[in-house]
Structures are given as C-alpha cells and as structure tokens.
Number of protein chains: 2
Amino acid sequence: MPQNNEHLKVVVGVEVGGSKIRTGLCREGLKITRPLKLSTKSERGAAAVVGRIARAVRDAVDEADLALDDVRAVGVGVPGIVDADTGSVICAPSLRWDDVPLRQQLEKELGLPVFMENVGNLATLAAYMVELKSKPATVQGIFVGTGINGGLVYQGEIYRGVNRSAGEVGHMVVAVGGAKCCCGNKGCLDALAGRNALNERIREAIKNGEPTVLTDLLDGDMKRIRTSDLRKALRAGDPLVEACVKESARFLGIAVGNIVNLIHPEVIVLGGDMMEAVSDKMFPIIQETARKYAMPGSFDECRLQLSVLGDNAGVIGAVILARQMTA
Amino acid sequence: MPQNNEHLKVVVGVEVGGSKIRTGLCREGLKITRPLKLSTKSERGAAAVVGRIARAVRDAVDEADLALDDVRAVGVGVPGIVDADTGSVICAPSLRWDDVPLRQQLEKELGLPVFMENVGNLATLAAYMVELKSKPATVQGIFVGTGINGGLVYQGEIYRGVNRSAGEVGHMVVAVGGAKCCCGNKGCLDALAGRNALNERIREAIKNGEPTVLTDLLDGDMKRIRTSDLRKALRAGDPLVEACVKESARFLGIAVGNIVNLIHPEVIVLGGDMMEAVSDKMFPIIQETARKYAMPGSFDECRLQLSVLGDNAGVIGAVILARQMTA
C-alpha cells in the first residue's frame, strides 16, 4: 500500500462508542493530536451513523489544517464483532447493528483505505503497546463506558479465538436472569455494570422516591445522566449514586474474578471513560471483590491496573491497526 | 530419568475426584488397562486421602500382577490448583484441601517419581491428544462429575495462565448470590450444575413434597444419590429428576456461552461421569442455551462435542503427564 510519500501521511483513528464517536490524528509515534468527539446518535440507524463517522474523520482532518489526501489510512474500532475479510460489522448490540458493510461504505465516502477491528481488542492492544511497553505475555482489557468492551492480547497479538469473537467481556453472564442486556440476553456484565446500566438503576431508585442531588443537578431531566454528573454527585457525597457506582464495581470485580479463574492473565487493564471518571470509588471494590472470587492465591499473581490512556485507548488502538495494515 | 529399562516400565495414572479415586495402568500408547475405582472419603482429611491414593496405586499395580518396581512414574490429576515446583496442592475446594504436600507424601509412600497437575487440565489434554488427534488450536474442556473441572489446551499445550490457575471453569460465577459453592463463594458453576448441586436440588424438592421414583429406588436414603440412580429415574420418566438435570444443563449452556464470548475456542469438549451418564438429556439443552448466549454467529464456529473418553479422561491425562515428565 505505501507508495511515494504514503508513509509520511497521517493516520486517523476512530472509536465508535454507544454515545460518542471519537477521532484522533497521528503522524508518528502514538501521541494522538486533535482528539474530537461527536455524538453517535445510533437511534438514527446504521446508515446515518456511518455518515457521522465519515463526517468525524473529515472534521478531524480539517481541524488539523489537512486534507483527506494527507491521510494514509483510517482505523475504526467498533463495539461489536467484525469480519475483517468482508469489512462488515456482523453485530454491534449497543448500536443495534447487524451486518453493516461499514468498510465499504466508509471507503466510498472518504476515498481512503479503512481498517476495522473490535474496539475492545484495539483498546487492549493500545494499553499493551503504550502503557505496558509490549511486555506482558497476556493482557485482558476491560473498558467501561456506555457499555462494556473487552479484549485479550496474547503474546503480542490480539487474540480473536477460532474466528473473531473472543474477548467479549461485556456479554459474559454473571447474573442469570438479571437485567436485560442490549444483546437480548439477561444478566450480561454490560447490563449490570456499564453506564447505561448504572443510569437505569439510578432512574429506578428515583422513581421509588430515593433522594439524590442529581434531581437538582439535571433539573429533573433524568434521561441523560452523564459521567460528569455522576462525578459531581459523588463529590457531593450523594448516597444513592455512591451505592449504585459501588454495585457496578462489585459486578466488575466478579467479572475480573471469572477472568482470573478462566484465563489468569498477567495483567488486567481497566479503562474507559466511566472507569476513569469514578475509579477512586470503583477500583478498591473491584480489587477486593476479584480477590474474593478468584481461586485462592491466584488473584495476587495477576496485576490489576487502571489504564492511563483514558478516553484515548480505542483511538490509539485504531491508529495502531491502520498503521500495521499499511506498513 | 529413563535409565536401563525404565522406558519399558508401566506408568500409572490417577484421577482424584470429589467422590472417587480412579487409577489405570499404561504400558504403551494411551489405552488404559486395569481401571480401578476407590472411594475418596475426603471427609477423613487430607492425610487419609493421600494414604488412599497410595493404596489405589498399589492395588492397581497388584491387580495387573506387577510390583511397584515395574512402575516408571505416577501421574496424579487433582481437582484444584497445583504448584508443580513444590509439589503442593495449593487448594482443592471439593476436597477441602489447603496446602497439601501431595507429591512429597506420595513419593515417600510409594518410592516412585510422582507428577501432579490440575485434573481438568489433564483431562482436556487427553481429549486433545486422543480424540482430537492433536489438531485443534484451542480446546476448552468441561468435565462434570461430583463437581466441575475444566482446562484449556492452546497450541498443543496446557494453558495455565500467568502461573497456574487458568481453566477453572467450575468457579466461574454465573449466578451472583446463587447457591453456595464449596470454594466459599456463591453462584459458581460448580455449585449450580455439578452432581452435588443437582442432588442438593433434588433433596430440597423432596423435602418440599415433590414426588420422585428416587424415594423408592433409594429406599428413602437420599444422602447418596449416584449417577446410576439419576439415569434410572430418567429412564422411568421421573419429572423431578428430569427438571433438575435440565436446569444443570441450562447453567452449563450459559457457561459454554461465556467461554465462547471470552475465549472462542475451536473445540469445547464436554466430559465427566455425570455428563456421560445423562448426556442425551443435557447435550441438546447445553447446545441450545450456549447458542442463545454466545454473540450472534459465534457459537456455530466452535465445535461442541461430548468426550468419548468417558470416565477415563483424567487418568489418561495423568498417564500422558507422567510419560512426558520421564521421557
């Protein structure tokens, strides 16, 4: 693929999340310049979201005073199962996508080579390469945002399983018959511990008359509780929000325990915007719960750590992908 | 280790289960001769069980008209976490063992080299080598007996994780706050789907007045419901036993779905004596449930199959271990 000055061009990384599309540019190394956010608006349907992804790429390039001609490739992280051969998103429950020919449509809209991968896999790869300096033999990533993504890097490479769907931590059932998940099943981690799940619990409690500062903070409009609102409520010592955040943390701790018992990775990285925002409340509980649920002695041989990449892990991973594929 | 005619000697394989100690001899190939069973009697404590394991080995050798001098090595599969360096069993919840120096004690009793490994790992290795002809890249084994053991073989070798506890399927939590497990936690697969769990559910239902042919079959003594009793009850069309067996199968199906979502192995092998005995009732439900819980399309890319090794998988795995370690 690299011809002429292709290797000098920038690469664009995109993370498609349940509520935000994040983009970033990278010329060399793995420092993201010009990070931008755009609402996903998944309720408008797949075609509209693909249009918004293309717009996000164009905006990012324009903000950097560049043109699409200056771009070597685009990497896209998707919260679902991706068929790298056909370029289709087989399913992305949080976006309600089934069989969306994302690569083809984006390449047509942008006139650029596009590469796709599960965003949990990409974020884990980013954590492995950037913050773990490509050292651990096995890294499991768990990223908590609107929903929960995950990935596994084994011996330096994304581990996809027999075909591609490994690492889907968000759809591990930990509470049979529990809360309804966007995938159609019940009791998945995603439906118990992600931001959507947390907000649902908070709204339910408010309906049941439990007091919270959120009612004032959001002026009664509880439809959209943002991570920053949760943080404000925690700072104000709000008991309801604190209890709900701790419950999410306990579910995450059980999931970490399960992963230790099944995979026993060298490092487990916790990231994502919700994790980053409320990690001081969540991390100790996740740690304590995982230690309790892992087989005796085995938890302490894993390293559980917060990702320092924050919101950027998925975008950095997408940049790594685009660069690897055009190297 | 092989000196003189060492390589001509037999190898003894031992599987230590929650209710039975199984032994078998092997001169060459992987055909087990003289399989024997002895009750574990774990309630007598670790020292007594170790004595019984030694006795089981001696009996097996004697039954084959051989002496301990004719034995090259003993392989032992243990239902817990094993420290191969020190030869200690770090923990084996179903036996209530903590830090038992099994290898040292057995070597002292038998005067033979002893090698140990988690029995789920060994049984998976046996399934991989014997029935799968060492072909699949990833094999997850799930063995349902008194409790539930598991193991993962990746690229031809037992995958132990960062140190040793990977593959512990039995202690994956699938029902937070559910039935109490022998490990001290609640809602582990072991406490929901193993034979102990199943029997507990049956006893509970009988206490609540539900009718079952087991009451007659066992003459009112419900303390020890054996796998053969369950089979008889199923053949008699007993609705209670059928419902309880199907419930175990549903939990196993959810666990298989979780494994597909996390690891996506090429083959998942189901084995163990309870699975073997009631597979006609369980297998279709496990399959259907796993398909529902795995991410769309991903289950059909795994091969779910019943092990043909039956009761012998652990013993064959122990033979493979002993042979590999003295090769």
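User: Two strands pair if DSSP finds at least two bridges between them. In what order do the five strands of the open sheet in chain A stand?

Analyst: This is a predicted model, in which local features need pLDDT of at least 70 and side-chain atom pairs pLDDT 80 or more, while totals for chains, interfaces and linings use all residues. Residues are numbered from 1 along each chain as written, chains are lettered from A and ligands numbered from 1 in the order written, and side-chain values use heavy atoms, without hydrogens and water. Strands (E, at least two residues) and helices (H or I, at least four) are DSSP runs numbered from the N terminus. The pairing in the sheet of chain A is mixed, and the order is β3-β2-β1-β4-β8.

User: Which strands of chain A stand at the edges?

Analyst: An edge strand has a single partner, so one of its sides is left without a neighbour in the sheet. In chain A these are β3 (33-39) and β8 (114-118).

User: Which residue of β8(A) stands opposite A:V76?

Analyst: Strand β4 (residues 71-78) of chain A runs parallel to β8(A), joined by five bridges. Opposite A:V76 stands A:M116.

User: At what angle does helix α3 of chain A run to β8(A)?

Analyst: Helix α3 (residues 119-131) lies across β1, β4 and β8 of chain A. Angles run from 0 to 180 degrees between N-to-C directions of axes fitted to C-alpha atoms, for helices over the stretch in contact (heavy atoms within 4.5 Å). The angle to β8(A) is about 90 degrees.

User: What rotation superposes chain B on chain A?

Analyst: Copies are superposed by least squares on C-alpha atoms of residues with pLDDT of at least 70 in both. With 0.0 Å of shift along the axis and an RMSD of 0.0 Å, the rotation is 180 degrees.
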